[in-house]
Structures are given as structure tokens and as C-alpha cells.
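Subject: Structure handover

Hi,

Here is the structure I promised to pass on.

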Amino acid sequence: MALTLYVDTARWRAHHKHVQEQFPGLVPVCKGNGYGFGHERLAEEATRLGSDVLAVGTTYEAARIKDWFGGDLLVLTPYRRGEEPVPLPDRVIRSVSSIDGVYGLVGARVVIEVMSSMKRHGISEQDLPQLHAAIENVRLEGFAIHLPLDRTDGSDAVEEVIGWMDRLRAARLPLHTMFVSHLKAEDLARLQQQFPQTRFRARIGTRLWLGDHDSTEYRGAVLDVTRVSKGDRFGYRQQKAASDGFLVVVAGGTSHGVGLEAPKALHGVMPRAKGVARAGLATVNRNLSPFVWGGKQRWFAEPPHMQVSILFVPSDAPEPKVGEELVAHLRHTTTQFDRIVDR
């Protein structure tokens, strides 16, 4: 019995095609845990889409994925001198974000990242005069800009890209390809119309693989159910049951990513108030699980174990049966399933 990722395959793939139609020249992204699907599966789906390039996070990911994807692999993490060398085929393209990085990749295929308002990494406008000499000894595949998701200052993503296009053009640098991230389809079309000699290629991961929420669902199988009375002790820490009910052991623990949560950027009064309330409940060992039973998310009886979670289901709810499955609201990018089922 397992934590299972169910996929409505026809619907999921129809969404992929829709995104591909919206973004001509799409470069699928497969990094981290493969957005919850795994590297091998996403490499297969990218091949099905006819993609000539697949973006990956690191050289280590490229080394694994090269056996599953026959096209070019674009490594998104920028090259740094002194990094551990990883044997890779010539079809791997390295990102660089510094002049020194370009000089360190003589003969290699490279994409040069420019510094966006993200301020994460990238070459600056002041670096541009030095690029002419630096790119003579590499095979330049294009430039790239990684844009922020939110623009709280009201600025325009397209204008930011245009600003860099103008700078690169003024520096007389080749502008045959520009890789972009976090643009809308209409933004991409606007850029393509304004710069017809440049091919704009959107690197997309989340929107492509996770954009249709209803096409996927996690479910954890019930392994055991034990009836308890108020005051009964249970679990590793021998806490007392707060009321009559059932202890439900369900597949899915910390090794799957259950109970692990990435920090969130909260905006507005209500989300912050909910965050404070959750923190307060946690201090008295009240933690809401991602598992749903009887139409409600159920509380963890105690912190999740490595491969299972123990939930408390009150006596006024239906008794779960061994073998039944509970829907689990889990974040794909931090979840590792036991099995994936296409249906």
C-alpha cells in the first residue's frame, strides 16, 4: 500500500499541448524532483512534445537525464570556476552569469544570463563591453533573462526585457535567441513582434507540468485503524487522546515530503492571520495534515513518521477501512510518491 500520484493522462497532456501552442519555441523545464513526476517521466513527456531542448537545474541532473532525453540539455545553474567537473556530452548547454564564467568555458555551448530585477545572478550593463572578446572562444546559444513572479511596484516585465534587448543591441552583441522566464503568452507575442529577428524562447516548468491542478491527485492508502477512547495513550511520545475516535495509519511520511513545507510569501491581513493561528495551534501539538477524510482535512495525531502518518479521526466521522485511500493535498515540488498511476 502506497502514497500514489494519480494522473488523468489525457487531460494532463492536453494541457501541455495548450501551453506549447501559447508559447512557440517552448523550452520545458525539468529540475528538482521533476515537479513531483520524476526526471524520467518528464523527459519522456518533453520528447512526446517534440522539444529540441530540455532545461535542467544542475549538471548532476543533466548527467542523469541525458540517458532519457535525446535533445539538447540547458543547465540553468550558472557555471562557476572551481566547480566539480561532471562528464557531460556536447549537447549540454551551460548557463553563465559572469565574464569570468564565459572565459572558463572555452569551446563550450553557452547561454549568457543577464541581471534582471530578481538580482539573483547575471552579467551587468557594465560587463557588456568585455563580452565581445569573451564570446569569441565559446559557442553562444543566446542570452537569457529570469524575471520575478510578482511586480509589486507596478513595473512591466516586457519593458524590462526590452531594456536589456536595447542594451545588448547597442553593445553590438548577437541577438539571435533570447531565453525568458515568467512571461505571459501575450507578453512573448509582443516581444516577438517588436524584435522579429530574435527568437524568444520561454523556459516553463510550473505552468507546463502543474498548470492543470485537476489533472493530478495524491492519495495515501490506509494501512491500519485503531479505535481509541479519550485519555488513551498512543504513539512515540505516548500522548493522550483528546476524545474518542480512531487512529488512522496512512501511507505517506517525511520521506515522501509529508509534513515538510517550504516558506511562503504572505500578502494581506487574512493570510497573515491564518499563519499566526496555525503557529499558535502548533505550540499545543495541533497540526493539520494534508489528508482528507469525510470532507475535512484531518489532524496529525502526532508528527508524521518516516513513511507513514498517524491521523486522528473523531468518532462522529465515518470509520476509515484498511485499503481505502485518503486524498492528500501535497506540494508537487516537495513530494516523492511511491508509485504513479495513469488513468
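Below is what I found, starting with the whole chain and moving on to single residues.

This is a predicted model, so local features need pLDDT of at least 70 and side-chain atom pairs count only at pLDDT 80 or more, while totals for chains, interfaces and linings use all residues. Residues are numbered from 1 along each chain as its sequence is written, and side-chain values use heavy atoms, with hydrogens and water left out.

**The whole protein**

The protein has nine helices and 18 strands; these are DSSP runs numbered from the N terminus, with helices being H or I of at least four residues and strands E of at least two. Its C-alpha trace spans about 75 × 45 × 40 Å along the principal axes. Of its 343 residues, 48% count as buried. Here buried means under 20% relative accessible area, exposed over 50%, and partly exposed in between, using a 1.4 Å probe and protein chains only. Among contacts (heavy atoms within 4.5 Å) with a separation of 6 or more, 66% are between residues 24 or more positions apart.

UniProt lists residues 8-153 as "domain: Alanine racemase N-terminal", in an unreviewed entry. UniProt positions are given in the numbering used here, feature names are shortened, and annotations may be inferred rather than shown by experiment. Over residues 8-153 the chain is 29% helix and 21% strand, with 39 Å between the end C-alpha atoms.

**Aromatic pairs**

The structure holds three aromatic pairs. Rings of Phe, Tyr and Trp (its six-membered ring) pair if their centres lie within 6.5 Å; planes under 30 degrees apart count as stacked, over 60 as edge-to-face and the rest as tilted. Trp12 and Phe37 are stacked, because their ring centres are 4.5 Å apart and their planes are at 25°. Trp12 lies in helix 1 (residues 9-22) and Phe37 in the loop between strand 2 (27-30) and helix 2 (39-48), so this pair ties together parts that are 25 residues apart in sequence. Trp12 is buried at a relative accessible area of 1%, and Phe37 is buried at 3%. Phe195 and Phe200 form a tilted pair, with 6.2 Å from centre to centre and 55° between the planes. Both Phe195 and Phe200 are buried. Ring pairs also link Trp12, Phe37 and Trp209 into a cluster.

**Helix 6**

Helix 6 (residues 157-170) has 14 residues and reaches 20 Å from its first C-alpha to its last. That is close to the 20 Å expected at 1.5 Å a residue, where the expected span is 1.5 Å times one less than the number of residues. At the N-terminal end, Asp156 caps the helix, with a side-chain oxygen 3.2 Å from the backbone nitrogen of Val158. The buried residues of helix 6 include Val161, Trp164 and Leu168. Among the elements that the buried residues pack against are strand 6 (109-114), strand 7 (139-146) and helix 7 (185-194). Arg167 lies over the face of Trp164, 4.9 Å from the ring centre. The criterion is NZ of Lys or CZ of Arg within 6 Å of the ring centre and within 35 degrees of the ring normal.

**Arg201**

Where does Arg201 lie? Its place is in strand 9, and Arg201 is buried, with a relative accessible area of 5%. Its side chain makes a polar contact with the side chain of Asp52 at 2.8 Å. A polar contact is a pair of N or O atoms within 3.5 Å; within protein, one must be able to donate a hydrogen and the other to accept it, and residues adjacent in sequence count only if both atoms are side-chain atoms. Not counting residues up to four places away in sequence, Arg201 touches several others, including Gly25, Val53 and Phe179.

**Positive phi**

Most residues other than glycine have a negative phi. Tyr35 has a positive phi near 55°; it sits in the loop between strand 2 and helix 2 and is buried at 6% relative accessible area. Gln238 also has a positive phi near 55°, in the loop between strand 11 (233-234) and strand 12 (239-240). Gln238 counts as partly exposed, at 40% relative accessibility. Arg172, which follows helix 6, has a positive phi near 55°, and Gly50, which follows helix 2, has a positive phi near 80°.

Best wishes
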